[in-house]
Amino acid sequence: MAFSSANVSERELQPPSLAISTVIFALRHDPDSGRPELWLPLVRRIRQPHRGKWALPGGPLGSRESLHDAAGRNLSDTTGLAPRYLEQLYAFGSVDRAATQRLVSIVYWALVQPDEAHQARESENVQWFRADSLEPLAFDHNEIVDYALWRLRNKMAYGSIAYHFLGERFTLAQVREVYEAVLGLELDPANFRRHLRAAPDIAATDEFQQGGRHRPPRLYRYTGAPAPAAAEAVLNTPASTSVPVPAGRNP
């Protein structure tokens, strides 16, 4: 059915469609300040609806592929990325999300390490943007990004999600930069270093970062649980937590 010919009564007769979208977060250095900031890649739509607007990478679910496989395929097709951290985030299924028919999107999120981010494919229709200052996107994708940011910032307060932005070896200052970039805060270096050294899931190595003008800082490694490989159940926050699930308007 053509986009222009769809109407409410026709949409009600169509079966729901299922799509996959992915929010990809990575740290990139600001070209002006040089400080790491949180960025994500977007894809320019080349067809209606919302032709010409930027959107999250994604597409329809294939009839013979799993949700996780579909998310990985869409990422590879649009950005060339195959992130180590790829996890199911939430399902967005408001009745009027799409103009042509009922559309439910299973949204994944990916956290990209520096070596992965540099491999991302960029073109006229695939570009990176600052995650916290996006222009109006196609469909309800601004609301999806806002929800992903909310989840990410909450998970930074506990657990070990920050280490999935880093390589196998990292300095304590690099961990602090992750927290500052995601939370939008400046943290006291001495206090942060003291708390981090008491954390159970990182260990000092005998290696040091080379290439600086000053005394080289010691490198650490993460010793906790690995990144999730494929969470096939939609992640739900416990009932005791208030979840600001956005009321989507469109895919």
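Predicted model: local features only at pLDDT ≥ 70, side-chain atom pairs only at ≥ 80, totals over all residues.
Residues are numbered from 1 along each chain as its sequence is written, and side-chain values use heavy atoms, with hydrogens and water left out. Helices (H or I, at least four residues) and strands (E, at least two) are DSSP runs numbered from the N terminus.

**Nonpolar cores**

- A nonpolar core is a set of buried Ala, Val, Leu, Ile, Met, Phe, Trp, Tyr and Cys residues joined through side-chain atoms within 4.5 Å.
- The largest such core has 42 residues, of which Val23, Phe25, Leu38, Leu40, Leu152 and Phe165 touch the most other members.
- Two or more residues of this core come from each of strand S1 (17–29), strand S2 (36–44), strand S5 (85–92), strand S6 (103–112), H4, H5 and helix H6 (189–197).
- With seven residues, H4 gives the most to this core.
- A second, separate core has 17 residues, including Leu67, Ala70, Ala71 and Trp128.

**Valine 23**

- Valine 23 is part of strand S1 and counts as buried because its relative accessibility is 0%.
- Neighbours up to four places away in sequence aside, valine 23 is in contact (heavy atoms within 4.5 Å) with Leu40, Leu56, Val107, Tyr108, Trp109, Ala110, Ile144 and Ala148.
- Valine 23 and proline 41 are 18 residues apart along the chain, and their C-alpha atoms are separated by 8.1 Å.

**Helix H4 against helix H5**

- Helix H4 (residues 141–156) packs with helix H5 (residues 172–183) at an angle of about 140 degrees, and their axes are 10 Å apart.
- Axes are lines fitted to C-alpha atoms, for helices over the stretch in contact, and angles run from 0 to 180 degrees between N-to-C directions.
- H4 and H5 are therefore oblique to each other (under 35 degrees is roughly parallel, over 145 roughly antiparallel, 65 to 115 roughly perpendicular and the rest oblique).
- Leu152, Arg153 and Met156 of H4 meet Val178, Tyr179, Val182 and Leu183 of H5.
- By class, this contact has six nonpolar, no polar and one charged residues (Ala, Val, Leu, Ile, Met, Phe, Trp, Tyr, Cys and Pro count as nonpolar, Asp, Glu, Lys and Arg as charged, and the others, Gly among them, as polar).

**Helix H5 against helix H6**

- H5 and H6 pack at an angle of about 105 degrees, with 10 Å between their axes.
- H5 is therefore roughly perpendicular to H6.
- On H5 the contact is made by Leu172, Val175, Arg176 and Tyr179, and on H6 by Pro189, Phe192, Arg193, Leu196 and Arg197.
- The residues of this contact are six nonpolar, no polar and three charged.
- Arginine 176, in helix H5, is buried with a relative accessible area of 18%.

**Backbone**

- Most residues other than glycine have a negative phi, and most peptide bonds are trans.
- Glutamine 48 and proline 49 are joined by a cis peptide bond, with omega about 0 degrees.
- Histidine 50 is not a glycine but has a positive phi of about 65 degrees, and histidine 50 lies in the loop between S2 and S3.
- Phenylalanine 139 also has a positive phi, near 55 degrees, and lies in the loop between strand S7 (126–130) and H4.

Key:
Buried < 20%, exposed > 50% of the residue type's maximum accessible area, 1.4 Å probe, protein only.
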